[in-house]
Amino acid sequence: MSLLSIRNFSVSIENKEILHDLSMEVEADTLTVVMGKNGTGKSTLAYALMGHPAYKVPSGEAIFNGEPIVGMAADKIAKMGMFLGFQQPVEVPGVTVVKFLQTATRALNGGELNYDIFQEELLTVLEKLGIDQSFLYRYLNDGFSGGEKKRLEILQLLMLKPKLAILDEPDSGLDVDAMKVVAEGINMARKNGTAILLITHYKRLLNYLNPDRVIVLADGTLARDGGMELADKIESDGYDFLTSRIS
Amino acid sequence: MKDNFTTINEDYKYGFSNPEDYLYKAPAGLNEDVVRAISAMKHEPEWMLEFRLKSYKKFMEMPMPWWGNQEIINAIDFSKIHYFVKAKGGTTWDDVPTDIKDTFEKLGIPEAERKFLGGVTAQYESEVVYHSMKKEFADQGIVFLDMDSALKEYPELVKRYFGTVIPFTDNKFAALNSAVWSGGSFIYVPKGTRVDTPLQAYFRINAKNMGQFERTLIIADEASDVHYIEGCTAPSYSADSLHAAVVELVALDGAKIRYSTIQNWSNNVLNLVTKRAAAYRNAVVEWVDGNIGSKLTMKYPAVLLKGEGAHGEILTVAMAGNGQHQDSGAKVFHLASNTTSRIISKSISKGKGRASYRGWVKTIPGAENCVSDVRCDALMFGDESRSDTYPRMEIYEPSTKLTHEATVSRVQDDQLFYLMNRGLSETEASSLIVNGFLEPFTKELPMEYAVELNRLVALEMDGSIG
Ligand SMILES: Nc1ncnc2c1ncn2[C@@H]1O[C@H](COP(=O)(O)OP(=O)(O)OP(=O)(O)O)[C@@H](O)[C@H]1O
Ligand SMILES: [Mg+2]
């Protein structure tokens, strides 16, 4: 049984259908890369899977860890072990990063929090990601630079240890060093046993990772399913090959 | 995301009521005889009776306030209210009747006292039923009494300051309070004395159609320092109760008073309170004022900066749930040079709740180099809630530095979604957002109160998905 099984999945927002009849499987312990032009519906797929109330699923189903998740509230899906690293993380003024991490860890852990273990893990992760401890006392994403926000998403990924993480462009807007840190974080998450669905536009991040599979979305559905050669092709030729007859 | 918070009434933790068993309950309605009866029962000096009677006259003449919620205040039927209800009380905790004791035990009083307070009074209906203070404070000459006892034991002190900060002519509800006041706290802190743990009062309305009119007066003598905390609750009845308190603070030269309130009345209480402080030379007055409950609150803690170098600080929070209107804010009058003030006002509205900020900053000609900083932030949930700001600035002195900043934000679905995505329920996510929004307020509260406020916020935010 696949970790996530998406079957004939359609998604509409404000009555406009964005994704059509999409089917795919994601296996445990794998890293799947999702590519596709701007506006094809990659983020839409992520939001819809995670139960965003504005994204409706008129037909099809999504089975996560053996349970149908369409129509479920986002926190229930999170508690089942799915995580979304946001393309644009949201700011929550007045809530410190550490308080937020504690609240989330507790929520995902049936209301329990072991402070000693939490603290130890947090310090380890901070060090691995090269994040300064003073970060913990800043307000969640409030006034963070683009790169800092992305690092914080990875920090959460490592602290919350989901079964499946959908990472929506964790590499956009990063400098080379930050890119390495994010890559390192993703590799660490995989060691934690987290399967990854990675949305990206560029090969750069993939060079530090070991993707098992690359899929390409076009016009709101699955257009190609293959390996790193797809990422290479997109990098050199762009997306034209999807429509050209000779490809 | 749909707006499905429960109203506070369904969940109001303090909504239990006790059977009514009183020593005396005045008949409903107000006339001169009721005023005289209250005064006689308390064996008051003549001057107080006269004060009450002229206040009563003024109350009858005065129009309703033009501000706040006209619809609700004009619908008040003064003839249905019981203006005085005397419960059985005691001087030691053991003497307090069991049902009243149970009430305060449920509210965590005097448990709170045992924990960190320097003194506590508990008012049940019209009068204080329990009172205590640390012995070391009494030895230092600190006076902490209920107002009725203070009038007996310190008549000169009371007479000198009573009604001087808020005249009985101030507004209709202040006039009403001046006519029928009962209970409340009286504090006097001698020169140079610091009260290093807070003094607290707890107000509880139990009877139906009850009016509670407590009167609080705090005098901090030169270079003294005191922190006073009050909390209030009432059971939820279908008929409205009226709470019209008057609170006067006097901070003499170099003194500091901090007054913290967490008002958590049930949803049928009209909370129409006049709070004002006079701050003399280099004195500091801080109002920390949280309003969570009530059907309507109209309250604008004020500071009159009367002496050079005085500082006023007003920090208010209003949380308007479904069916609630919180009309609150702050007033500062700069009446002397080099006085400074800061107002931070935070409001939250949700469901069909309505939060209004009403502020008034004034400097008079000749009061040079005054600085005032005003900041109001409103946070709104859903699209039926309402938030308004009515700032009023009267700056008659050109050297004044005034800054005013206001923000309004609606909680975005994306904010809730982000937090829920990390496993928080909608309620937990909403509470976290609100707690973050209130951070500048809660960090000014003693730990126990900050925790209590966060708990109340969580309760208020409670609701279930689908
Ligand atoms: N909240 C929304 N309201 C209206 N339209 C939306 C909304 N969210 C997405 N869309 C539309 O859905 C389509 C898919 O958007 P989506 O964000 O999923 O694309 P994407 O593949 O993630 O693009 P990018 O690579 O630029 O991130 C776009 O046409 C977008 O305008
Ligand atoms: Mg996107």
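Here are some questions and answers on the ligand sites and salt bridges of this predicted model.

Residues are numbered from 1 along each chain as written, with chains lettered from A and ligands numbered from 1 in written order. Local features need pLDDT of at least 70, side-chain atom pairs count only at pLDDT 80 or more, totals for chains, interfaces and linings use all residues, and side-chain values use heavy atoms, leaving out hydrogens and water.

Me: Which helix gives the most residues to the shell around ligand 1?
Reply: The shell has 15 residues, with A:Lys42, A:Ser43 and A:Thr44 among those that come nearest; near means a heavy atom within 4 Å. Helices here are DSSP runs (H or I, at least four residues), and strands are too (E, at least two), numbered from the N terminus. The top contributor, with three residues, is helix 1 (residues 42–49) of chain A.

Me: How far is the polar side-chain atom of A:His201 from an oxygen atom of ligand 1?
Reply: A:His201 is among the residues that come nearest to ligand 1. For comparison, the side chain of A:Asn38 has an N or O atom 2.9 Å from a ligand 1 oxygen, and for A:Gln87 the figure is 3.1 Å. For A:His201, the distance is 2.8 Å.

Me: Which residues coordinate the magnesium ion?
Reply: Donors are N, O and S atoms within 2.8 Å of the metal (3.2 Å for Na, K and Ca), and water is not among the atoms, so the site may look incomplete. The distances run from 2.0 to 2.3 Å, and the donor atoms are OG and OE1, from A:Ser43 and A:Gln87.

Me: Is A:Asp75 buried or exposed?
Reply: A:Asp75 meets A:Lys79 in a salt bridge (3.9 Å, N to O); that term means a side-chain nitrogen of Lys or Arg within 4 Å of a carboxyl oxygen of Asp or Glu. The two sit about one helical turn apart because they are four residues apart in helix 2 (residues 74–80) of chain A. The cut-offs for relative accessible area are under 20% for buried, over 50% for exposed and partly exposed in between (1.4 Å probe, protein chains only). At 3%, A:Asp75 counts as buried.

Me: How many residues apart in sequence are the parts that B:Arg342 and B:Glu313 tie together?
Reply: B:Arg342 forms a salt bridge with B:Glu313, closest N and O atoms 2.4 Å apart. B:Arg342 lies in strand 20 (residues 340–349) and B:Glu313 in strand 18 (residues 311–320), both of chain B, so the pair ties together parts whose separation is 29 residues.

Conventions: A polar contact is a pair of N or O atoms within 3.5 Å; within protein, one must be able to donate a hydrogen and the other to accept it, and residues adjacent in sequence count only if both atoms are side-chain atoms.
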